[in-house]
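My entries follow in the order in which I looked things up.

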Amino acid sequence: MRSDYYEKKQDRIDSYKERAEKAREESSRQFDSSKEISDHIPLGQPILVGHHSERRHRNDIKKIDRHMRKSIEAQGKAEYYDHKAEAAERNRAISSDDPDALQKLREKLSGLEELRARMKEVNADFRKCKKDVDKMTTLNDKEKAALKEGLSNDWRQNPKPFEQYQFQNLSGKIRQVKLRIKKLEAEKDEQTQVIPFDGGKIVDNVEDNRLQIYFDEKPSEEKRKELKERGYRWAPSVKCWQRYRKFWALIDAKKLVGIEEE
């Protein structure tokens with residue numbers, strides 16, 4: 001399970017890189033085609049109106065323009081997928097799909113709580129030293145210099161190292177992380193369940209964190225539209241319609257396929 005998650009993540013990055021490379025190759029090919037045509041036209045050669053070469057010259061100009069447009073379009077696509085690959089590699093957000101999510105969230109929570117304690121300690125030291133930054137023992141020289149500069153540039157009458165709004169923002173982040181930990185801990189005891197219905201089955205997939213709907217036959221256009229409106233997307237790799245699990249998603253899925261709750 002753990003290796004599958006990281007393999008999928010790497011596969012996604014590799015796929016973006018492959019698409020970027022293919023787009024670059026296409027851009028280069030279109031540019032070369034454009035250049036090959038233009039090389040046959042003397043530099044500065046105007047269109048000779050009425051001459052037997054007029055039609056060919058005009059057609060060549062159209063082809064050059066078409067190839068250049070396609071080259072630019074492909075280059076833009078390459079840059080788009082390069083950006084997607086770089087973003088995926090840099091992404092440090094903790095996904096609920098990550099098998100190490102609980103450990104990472106607990107480490108994040110510990111770091112945030114340590115930061116809050118540190119902020120309180122610095123503010124207390126600042127008050128104890130009567131706002132004389134040089135006498136503070138909780139900061140090193142570099143931190144003292146940065147604090148002095150920040151205080152001198154602050155427009156408020158009585159600024160301090162850390163203001164109340166900073167504590168409030170940090171406390172909000174801590175609450176969010178705690179809620180995510182609580183949710184994931186509760187989900188650890190959940191098990192994947194399969195619920196059949198007339199024409200398919202619903203799979204509440206705990207391991208993949210997906211709510212999946214399998215149809216025996218391709219659903220109608222109207223039903224596909226309804227699925228998309230409710231957040232489902234077709235997943236060719238598993239041949240089903242799926243979305244992320246939510247506490248209400250299973251109830252919604254049952255309604256969508258016509259299962260009546262008792």
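**Pocket**

I began with the lining of the largest pocket, and α1 gives the largest share of it, seven residues. I note at the outset that this is a predicted model. For the volume of the largest pocket I have about 1,000 Å³. Its lining counts 34 residues, and those closest to the centre are Lys 8, Arg 12, Asp 97, Arg 210 and Tyr 244. I also looked up which elements supply at least two lining residues each: α1 (2-38), α2 (54-90), β3, β4 and β5 do.

**Sheet**

Next I looked up the strand order. Five strands form an open sheet in the order β1-β2-β3-β5-β4, and the pairing is antiparallel. The edges are held by β1 and β4 (233-235); each has a single partner strand, so one side of each has no neighbour in the sheet. On average, neighbouring strands are turned by 25 degrees against each other, direction ignored. As a reminder to myself, strands of a sheet pair through backbone hydrogen bonds, either parallel or antiparallel.

I then took one pair by itself. β2 and β3 are joined in the antiparallel sense over six bridges. I noted Lys 201 opposite Tyr 214 in β3.

**Helix α7**

Is α7 enclosed or open? Seven of its nine residues (249-257) are buried, so the helix is largely enclosed by the rest of the structure. I listed the buried ones as Ala 249, Leu 250, Asp 252, Ala 253, Lys 254, Leu 256 and Val 257. The list includes the charged residues Asp 252 and Lys 254. The cover over the buried residues includes the strands β1 (193-197), β2 (200-205), β3 (210-215) and β5 (240-244), along with helix α6 (221-229). After α7 comes Gly 258, with a positive phi near 90 degrees.

**Loop between α3 and α4**

Lys 130 has a phi near 55 degrees and sits in the loop between α3 (101-128) and α4 (141-152). Lys 131 lies in the loop between α3 and α4, with a phi near 70 degrees.

How accessible is Lys 130? Its relative accessible area is 72%, so I put Lys 130 down as exposed. Lys 131 comes to 47%, and I put Lys 131 down as partly exposed, because exposed requires over 50%.

**Cysteines**

I checked for disulfides and found zero in the structure. Cys 129 is buried at 13% relative accessible area. Cys 240 is also buried, at 0% relative accessibility. For both I used the limit that buried means under 20%.

**Trp 155**

My last entry concerns a tryptophan in a loop. Trp 155 lies between α4 and α5 (164-187). Is Trp 155 buried or exposed? At 76% relative accessibility, Trp 155 counts as exposed.

Conventions
Residues are numbered from 1 along each chain as its sequence is written. This is a predicted model: local features need pLDDT of at least 70, side-chain atom pairs count only at pLDDT 80 or more; totals for chains, interfaces and linings use all residues. Side-chain values use heavy atoms; hydrogens and water are left out. Buried means under 20% relative accessible area, exposed over 50%, partly exposed in between (1.4 Å probe, protein chains only). Helices (H or I, at least four residues) and strands (E, at least two) are DSSP runs, numbered from the N terminus. Contact means heavy atoms within 4.5 Å. A disulfide is a pair of cysteine sulfur atoms within 2.5 Å. Two strands pair if DSSP finds at least two bridges between them. Axes are lines fitted to C-alpha atoms, for helices over the stretch in contact, and angles run from 0 to 180 degrees between N-to-C directions. On a 1 Å grid over the protein atoms alone, a cavity is a set of points where a 1.4 Å probe fits but cannot get out, and a pocket is an open set with protein on both sides within 12 Å along at least five of seven lines; lining residues have an atom within 4 Å of a point. Grid points are joined across faces, edges and corners, and a volume is the space filled by probe spheres set on the points.
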